[in-house]
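Keep the picture open while you read.

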Amino acid sequence: MIGIVVIAVLWAYFGLRRWLHSPLRTNYSSVPIHADMNEQTVAYQLMEQDGYEIIGGKVRIPFYFLVNDIQLDSRLFVDYVARRDGQTYLVKVARDRKPIEWTASSVRDRLLPYFLLYSDIDGILYVDEKEQQLQQIHFQLEEE
């Protein structure tokens, strides 16, 4: 009887420990909307002029992954969340230090993680303040 209790306690201890140290597997089904927005930016004004309703400000998405049992922490940033014609877009503003190349592989590598993160977005809006351009990116999976 004592052996069974010891085994049950050890099993519960190691199971709880594994659960507490396992990665958080959150299914981000809806985009978090942060009311704190900088309305004075060129990007904000460009989106408004083009008919977008800006519904959210900067979103920080922390995550981590394991490589050979070493935890690596990282994060993704979304600059705005916008809506137009019933469609919701995550907004990325172009940065000088990391310009995007408009090739299929570059767009996929840079923007697909944002699209896959939330199930209720319709696309990504890429805003280039210098060129005063908005690029709408929609991803579609081709079925074979």
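Let's begin with Asp96, which forms a salt bridge with Lys130, their closest N and O atoms being 3.1 Å apart. This pair links distant parts of the chain: Asp96 sits in the loop between E5 and H3, Lys130 sits in the loop between E6 and E7, and 34 residues separate them. Asp96 counts as exposed at 62% relative accessibility, and Lys130 is exposed with a relative accessible area of 62%. Bear in mind that you're looking at a predicted model.

Why would such side chains meet at all? Side chains of opposite charge can pair when their charged atoms come close.

A search of the whole structure turns up 6 salt bridges. Here are some of them, including the one you've just met:

| Salt bridge | N to O distance |
|---|---|
| Asp96 and Lys130 | 3.1 Å |
| Arg95 and Asp79 | 2.7 Å |
| Arg84 and Asp85 | 3.8 Å |

Take Arg95 and Asp79, which form a salt bridge. Arg95 lies in the loop between E5 and H3, while Asp79 lies in the loop between strand E3 (70-78) and E4, so the pair ties together parts that are 16 residues apart in sequence. Is Asp79 buried or exposed? Asp79 is buried, because its relative accessible area is 5% and the cut-off for buried is under 20%. Arg95, on the other hand, counts as partly exposed at 33%.

Now for Arg84 and Asp85. Together with Asp50, they're linked in a network of salt bridges. Arg84 is partly exposed, with a relative accessible area of 22%, whereas Asp85 is exposed, at 71%. Arg84 also has a bridge partner in E5, namely Gln87. Strand E4 (residues 80-84) and strand E5 (residues 87-93) run antiparallel and are joined by 5 bridges.

Those two strands belong to an open sheet of 5 strands, in the order E1-E4-E5-E6-E7, with mixed pairing. At the edges you'll find strand E1 (53-56) and strand E7 (133-137), each pairing on one side only. On average, neighbouring strands of this sheet are turned by 35 degrees against each other, direction ignored.

Helices lie across the sheet, too. Helix H2 (residues 42-49) lies across E1, E4, E5, strand E6 (123-128) and E7, at about 120 degrees to E6. Helix H3 (residues 104-117) lies across E5, E6 and E7, running at about 125 degrees to E6.

Last stop: the surface. Ile2, Val6, Leu10, Tyr13 and Phe14 form a nonpolar patch there, with about 520 Å² of accessible area together. Phe14 belongs to helix H1 (residues 2-21) and is partly exposed, at 43% relative accessible area.

Terms used: Residues are numbered from 1 along each chain as its sequence is written. This is a predicted model: local features need pLDDT of at least 70, side-chain atom pairs count only at pLDDT 80 or more; totals for chains, interfaces and linings use all residues. Side-chain values use heavy atoms; hydrogens and water are left out. Two strands pair if DSSP finds at least two bridges between them. Helices (H or I, at least four residues) and strands (E, at least two) are DSSP runs, numbered from the N terminus. Axes are lines fitted to C-alpha atoms, for helices over the stretch in contact, and angles run from 0 to 180 degrees between N-to-C directions. Contact means heavy atoms within 4.5 Å. Patches are made of residues with over 30% relative accessible area and no salt bridge: like charges are joined within 9 Å, nonpolar side chains (Val, Leu, Ile, Met, Phe, Trp, Tyr) within 5 Å. Accessible areas come from the Shrake-Rupley method with a 1.4 Å probe; for residues, only the protein chains shown count as cover. A salt bridge is a side-chain nitrogen of Lys or Arg within 4 Å of a carboxyl oxygen of Asp or Glu. Buried means under 20% relative accessible area, exposed over 50%, partly exposed in between (1.4 Å probe, protein chains only).
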